[in-house]
Amino acid sequence: MVRDVGNNKICVSIGTNDINALKDMTNESLNSNADFIEIRFDFFDKPAMNDVLEVVLDYIEQAVFTCRASNEGGKYSGAEPDRVTTLRRLAAFRPMLLDVEYNTMKQNEDLLDQFTALNCDILVSWHNFEQTPSKDELVDMINKIKEYGNNIKIVTMAKSLDDSISILKLYEHAKTSNINLIAFCMGEHGILSRVLCTYAGARFTYASLAEAIAPGQLTMKQMRAIYAKLEKEKPELNDYDAWKGRQDFSDILKLINDSIS
């Protein structure tokens with residue numbers, strides 16, 4: 001299927017524990033044409049939650065709310081029951097998406113019913129910070145995750161370029177499974193998948209405003225430069241079916257490196 005040209009959406013991850021910095025970074029992201037913003041509530045202490053909400057509620061239809069567990073790469077330092085309570089509270093504000101880990105959903109059987117009752121769209125996420133499992137293993141994981149929702153995020157660590165290429169092949173499964181998939185790899189070898197995931201079918205990819213808050217994350221400015229170059233020189237990328245079996249991405253990598261060097 002050929003997608004619309006220029007449909008590469010970017011969500012800027014805002015990671016700070018300072019309210020004033022949050023205001024500045026939110027405004028700068030949206031004024032710089034970020035399509036969406038991710039608000040990382042796990043960076044803040046519990047007493048600051050009301051202040052964070054006051055800053056971001058005007059942008060709620062463009063916002064992904066995340067309160068990431070520490071064992072999933074997050075910064076939350078409180079007790080796990082308190083974090084789950086925070087997720088319930090955030091759901092009541094109905095952001096564009098509420099990112100909730102698959103393991104959290106699995107360990108709290110009442111959450112799905114509560115999110116459904118609140119009419120909150122969730123993005124069920126799963127991370128592997130050590131490696132990228134095989135495609136078959138990842139498909140099995142997707143099939144488990146979709147018991148909780150159709151918006152699914154899979155993020156793994158790339159040990160080689162092959163891992164990036166492998167995770168991009170998951171979108172073929174997504175297109176036949178009635179799911180909305182965001183899947184890419186972390187790390188230096190994962191940059192290819194961070195860039196191409198939107199061409200493969202992801203609703204958006206993630207970037208930082210300045211300092212990366214995840215391994216291999218590029219800035220929004222870098223991502224915009226890459227996409228501008230790819231749209232001009234590689235329009236064939238807009239047809240995922242035409243390149244889904246591709247193994248050699250050396251020309252794409254050169255364009256990426258030229259754009260960010």
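**Burial and pairing around the sheet**

Author: In strand E4, Leu97, Asp99 and Glu101 point one way, Leu98 and Val100 point the other way, and all are buried. The model is predicted.

Reader: Why is E4 called mostly covered?

Author: Count its buried residues. Buried means under 20% relative accessible area. Five of the five residues of E4 (97-101) are buried.

Reader: How do you know that strand E3 and E4 pair, and in what sense?

Author: The criterion is at least two bridges between two strands. Three bridges join E3 (residues 63-66) to E4, so the two count as paired. They run parallel. Val64 stands opposite Leu97 in E4.

Reader: What about strands E5 and E6: how many bridges?

Author: Five bridges, again judged against at least two, so E5 (122-128) and E6 (151-157) pair as well. Their sense is parallel. Val124 faces Ile152 of E6 across the pairing.

Reader: Which order do the strands of the sheet take?

Author: The order is E7-E6-E5-E4-E3-E2-E1-E8, in an open sheet of eight strands with parallel pairing. From one strand to the next, the twist averages 25 degrees.

Reader: What makes a strand of this sheet an edge strand, and which are they?

Author: An edge strand pairs on one side only. Strand E7 (180-186) and strand E8 (205-208) do that.

Reader: Which helix lies across E6 and E7, and at what angle to E7?

Author: Helix H7 (161-168) does, running at about 180 degrees to E7.

Reader: What span is expected of helix H10, and what does the model give?

Author: The expected span is 1.5 Å times one less than the number of residues. H10 (220-233) has 14 residues, and the expected value is 20 Å. From first C-alpha to last, H10 reaches 20 Å, close to that.

Reader: Which residues of H10 are buried, and how do you know where they lie around the axis?

Author: Met220, Met223, Ile226, Tyr227, Leu230 and Glu231 are buried. Seen down the axis, they fall within an arc of 130 degrees, so they line one face of H10. The face turned away carries the exposed residues Lys221 and Lys232. The buried residues pack against strand E1 (10-14), helix H1 (19-31), helix H9 (191-200), E8 and helix H12 (250-260).

Reader: Which residues touch the most other members of the largest nonpolar core?

Author: Phe41, Phe65, Leu98, Ile154, Leu181 and Leu196 do, in a core of 91 residues. H9 gives the largest share, seven residues. Beyond four places in sequence, Leu196 touches Leu168, Leu230, Leu237, Trp243, Phe249 and Ile252.

Reader: Why is Asn33 called exposed?

Author: Exposed means over 50% relative accessible area. Asn33 has 57%, so the label applies. Asn33 lies in the loop between H1 and strand E2 (36-40). Its phi is near 70 degrees, a positive value in a residue other than glycine.

Reader: And Asn119, buried or exposed?

Author: Exposed, at 52% relative accessibility. Asn119 sits in the loop between helix H5 (111-117) and E5. Its phi is positive, about 55 degrees, although Asn119 is not a glycine.

Definitions and conventions: Residues numbered from 1 in each chain as written. Predicted model: local features only at pLDDT ≥ 70, side-chain atom pairs only at ≥ 80, totals over all residues. Heavy atoms only, no water. Helix = DSSP H or I, 4+ residues; strand = E, 2+ residues; numbered from the N terminus. Axes fitted to C-alpha atoms, helices over the stretch in contact; angles between N-to-C directions. Contact = heavy atoms within 4.5 Å. Buried < 20%, exposed > 50% of the residue type's maximum accessible area, 1.4 Å probe, protein only. Arc of directions from axis to C-beta. Core = buried A, V, L, I, M, F, W, Y, C linked by side-chain atoms within 4.5 Å.
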